[in-house]
Structure formats: structure tokens, C-alpha cells
Amino acid sequence: MTGRITGQLALAPARDPAHTGRVTRQALIIDCDPGVDDAVALMLAFGADEFELLAVTTVGGNVPVEKTARNARMLRQVAGLQKPGHDEAPVFMGAAQPLVRTLGTATDFHGPEGTGDLEPFEPDLPCADGHAADAIVDLVMSRPAKSVAMAVLGPMTNLALALRKEPALAERLGPVAVMGGARAEGGNITASAEFNIWADPEAAAEVLATGAEVVLFGLDATHQVRATEDRIAAVEALGTPMAKTAGAMLRFSQRVERTIVGWDASPLHDPCPVAWLLKPELFELKPCLVKVETESDLTRGHTAVEFRQAVAGEPLKHRWAVTADADGVFALIARSCG
Ligand code: BDR
Ligand code: CA
């Protein structure tokens, strides 16, 4: 067994390391499929000064891609990121379908529009021109190596397409913090698979086979981050438009979780990778090699996580989150929404 990697070794946004008075922000692209927990993750990122949000790219996942792109634009508007002459976090629409399969959505857990109980509205601003995969390539390749991080919160289709277009992207990217995967906790869409990997297993397999620095926040970690009554109430009490939106998403998830799964407090998946980029010490990570099942119908999208260097046959190039500090994640959400 190799040693553990704790958060301290992860890339943290530099906060004025030379005490110059200037704050260096972490350039970030968020690829997502909002989605109620994606929405909370976006609020977390939108309210964090540590990030320079280069783009939000969307993919077909929880709901079809036209809706995920609309929802991302709605959420950006709620967060007040649209300012005259300064359009932060432009939204690029990406893949409508997985690489080789037909899209399977998750509307039971996110509502038919992907916004839970919230009524969607048509945002003021349209999507930015171009496909999400092209935007990822252009934004990362035009900046210094390793300077752009990604948070991937839905099926990995857009990133796989970007890597096909520009293989050099893998080495150029900074950390790619992914919500995806199932191991000790079992699956959530099937007995052994987590939804994002199950939805496009070929894309996940392709991305993981590259040299990209992928850190996976699977169900083993995200099931430790539960939206308890107290935590939801603390977000709601902040009373801002961002807090009200995040609170509504959390309430919807709580109700759905109680009805469908029978758990009292819903797990909060997608904010975890974003929280790690902000505060790595909230998570414990272990080096590993992750491969994805693409052949079997029964175990489609299962993530085989190998921690043993002696039997892996290649370097343990990925990292797998094994613990999460739930109070710490919710404190960050409250900070962003407050
Ligand atoms: C993941 O699946 C989606 O339904 C959620 O948004 C999250 O990204 C959890 O398995
Ligand atoms: Ca998601």
C-alpha cells in the first residue's frame, strides 16, 4: 500500500503568496449538468473570490443539454455574475449525447427541468458561441501549462471530446476534480455504478486513460456530506438570492431522498470537487489507478479502483477521495451564499 495523500499536497488557489497585495485567482472551468446538486456547486464557485471562472460548460446528463445550459445561465444570473461589459463565467453548451450511448437522464432526482421545485426562466443572456469541447481546448491551451483547473460534475463527454481534439490538453490541464465513481459505498444508479460514470462510461474510460491529473470524488466521499436539517436551515437563513436558490435545491433533494431512497439527509455530491479546489484539507485522498467497466450490462460504469502499486501494472496516476469534512463543505457553501 502506498502512502496517503492528504489535501495539503493538492493544488490550492494561491492567495497572495508573496504578500504583494495582489490575490492570484485559480483559473477554473466547470463542466456540469445542472441538476440540483450542480446548482449548489455553481453557487459555491460563483461566490468564491478564489476562482477566476473562465467558463461553465454543460453536457446532457441529469436533463438534456439545452436545459443544463439554460439552468447554468439562470444560476449565473441569480448569482449576479452578468455585469455590463463584463460577462463572467460564460456558458458554453456541449454534448447532447454520450460518446456512443443514448442519454439516460436523472429527472427523478432533479425534477423534469433539472431545477427541483424552482420554476425555470429564460435567462437574459444566451450561451456563448461555440461547442463546450472547443471552449475547453481554447481556454486551456491558450494559458500557461497547469494553470487551469477543471471541476467535472456530470458525464465526462465534453472533456473526452476535448481530449480527442487536442491530446496535448491532458498534460496542459491542472487538476481535474471529478464527481464520479463508486467503490466501497456501492452505486446509486445501479448496484455498482455511480450516475455520472454510468451515463457515459466510454468517456470516463477515455479521460482516465490519458495523462490528465484526475482526482475523483465518488460516492465513498460524497455520501459523507449530508444535507441535514440543520445544515439546510443554516443556508436558508442567510436569505440572499443565492442562499434561497441553494436552499430550495437542498430542500428538494431532501424530499426526494426521503421518498425514493429512504435516507433522511441527502448526499451532496457536486460541491465536493469544488470545495476541494478551495480547501484541499477538507478531504483525504489516496493515490490509485481507476479503470471503468464498459462491456458488461450488469456493471456498466463501475469504477475499479486499484490502490496497490505492486499489482497496478502502471503508475497510480489518479487520486480517490476517501474522507470528507461535511461541516467544512457546508461552511464554504454558506460563505459563498452569504
Ligand atoms: C451525480 O449524478 C448526478 O445526478 C448528480 O448531479 C451528481 O453529479 C451523483 O451520482
Ligand atoms: Ca451533476
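Colleague: How far is an oxygen atom of ligand 1 from an N or O atom in the side chain of N62?
Modeller: In this predicted model, that distance is 2.6 Å.

Colleague: Nice. And what about the side chains of E194 and D38?
Modeller: For E194, a side-chain N or O atom sits 2.4 Å from an oxygen of ligand 1. For D38 the corresponding value is 3.0 Å.

Colleague: How much of ligand 1 does the protein cover?
Modeller: It covers 95% of the 280 Å² of accessible area that ligand 1 has on its own. The surrounding residues include D37, H110, M179, N188, F195 and H269.

Colleague: Are L153 and D270 buried or exposed?
Modeller: L153 is buried, because its relative accessibility is 0%, under the 20% cut-off. D270 is buried as well, at 2%.

Colleague: Now helix α5. Where does T157 sit, and what does it touch?
Modeller: T157 belongs to helix α5, residues 157–165. Its contacts beyond four places in sequence are V59, A95, Q97, P98, L99, D200 and A203. T157 counts as buried because its relative accessible area is 1%.

Colleague: How far apart are T157 and N196?
Modeller: They are 39 residues apart in sequence and 9.9 Å apart in space, C-alpha to C-alpha. N196 is also one of the residues surrounding ligand 1.

Notes
Residues numbered from 1 in each chain as written. Chains lettered and ligands numbered in written order. Predicted model: local features only at pLDDT ≥ 70, side-chain atom pairs only at ≥ 80, totals over all residues. Heavy atoms only, no water. Helix = DSSP H or I, 4+ residues; strand = E, 2+ residues; numbered from the N terminus. Buried < 20%, exposed > 50% of the residue type's maximum accessible area, 1.4 Å probe, protein only. Contact = heavy atoms within 4.5 Å. Near = heavy atom within 4 Å. Polar contact = N/O pair within 3.5 Å; in protein donor to acceptor, adjacent residues only side chain to side chain. Areas by Shrake-Rupley, 256 points an atom, 1.4 Å probe, with all protein chains shown as cover.
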